[in-house]
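The stops below are given in the order in which to select them.

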Amino acid sequence: MTIEMTAATEVTDIATRWRELDEHFGTARRRAGDDDPALLVDRSSAVVLTAPHATRHYRAGAMKAADLHTGSLTLLAGEVANVSAVVSAGARTEWDTWDERDDEFSRHLRDLSDSARMLIDIHGMGDHHGPDFCLGTGPRPGALENLAVEILRSELDAFEVVVDAPFTARPHYTVTSLAQRHLGLAGLQIEVAARWRSPHDDSAAPAASALSLALTAVEEGIRDAA
Ligand SMILES: [Zn+2]
């Protein structure tokens, strides 16, 4: 499904907008029922944000809990940074490899506009890991991944940002792997600590805002490098 959303809005109140998008995402999920739909917001950008674990999802032989609020956070960051976003609103169908996965989420990723150069895949990690953000560079990082890491580290310097530890995004089932190995795109994973993922807690807004602005800078950098 393709959803209509405000394009490139000046987001003056991040926390309020995040809550609106969280409601919007919840409604989309409920409407979806048993389907495995995905939301696509196409802004013809070089960077495309993805959120594969925004709901309970199938992965490597088992159902996993959602990476809570990564759906609304990804929609929010896409809106602020004016980049495209693909957010899974249900992922209960079993799959083992990207070759065999055929649901709306994977179809959107195979069918992105020609402007796409890099997928940035948003996940949630537990607070016990320590850092605020963990960047995973995937199985085949290259120049664009290095550039994006450099920009994110500098833009997010008020936060603890780690690279490839504890999460590398190297396993074959990651979106970063799909980008780098199957789609001819660059790919990067961003794990966001749980303490920065609540749209209902205004104290999480600074990280959402900082991440969104950092992704604005990444979009500019990747577009210029293209
Ligand atoms: Zn995840």
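Colour by confidence to begin. Select residues 7–11: here the pLDDT is below 50, and the stretch has 6 contacts in the model beyond near neighbours in sequence; two residues are in contact if their C-beta atoms, placed from the backbone, lie within 7 Å. This is a predicted model, so local features need pLDDT of at least 70 and side-chain atom pairs count only at pLDDT 80 or more, while totals for chains, interfaces and linings use all residues. Residues are numbered from 1 along each chain as its sequence is written.

Next, the sheet. Seven strands form an open sheet in the order 1-5-2-6-9-7-8, with mixed pairing. Strands are DSSP runs of E of at least two residues, helices are runs of H or I of at least four, and both are numbered from the N terminus; two strands pair if DSSP finds at least two bridges between them. Strand 1 (38–41) and strand 8 (161–163) are the edges, each pairing on one side only. Neighbouring strands are turned by 20° against each other on average, direction ignored.

Select strand 2 (residues 47–51) and strand 6 (residues 118–125): they run parallel and are joined by 4 bridges. Thr-50 stands opposite Asp-121 in strand 6.

Helix 4 (residues 143–155) touches strand 6, strand 7 (133–136), strand 8 and strand 9, at about 30° to the direction of strand 9. For these angles, axes are lines fitted to C-alpha atoms, for helices over the stretch in contact, and angles run from 0 to 180 degrees between N-to-C directions.

Stay with helix 2 (residues 70–81). Of its 12 residues, 12 are buried (20 or more other C-beta atoms within 10 Å of a residue's own, with C-beta atoms placed from the backbone). Just after helix 2, Asn-82 takes a positive phi of about 55°.

Finish in the largest nonpolar core, which has 60 residues; Val-47, Val-87, Met-118, Ile-120, Ala-208 and Leu-215 have the most contacts inside it. Helix 6 (residues 205–225) gives the most to this core, with 7 residues. Such a core is a set of buried Ala, Val, Leu, Ile, Met, Phe, Trp, Tyr and Cys residues joined through C-beta atoms within 7 Å. Centre on Leu-215: leaving aside neighbours within four places in sequence, Leu-215 is in contact with Val-47, Ala-77, Ala-81, Val-83 and Ile-120.

Conventions
pLDDT is the predictor's confidence in each residue, from 0 to 100.
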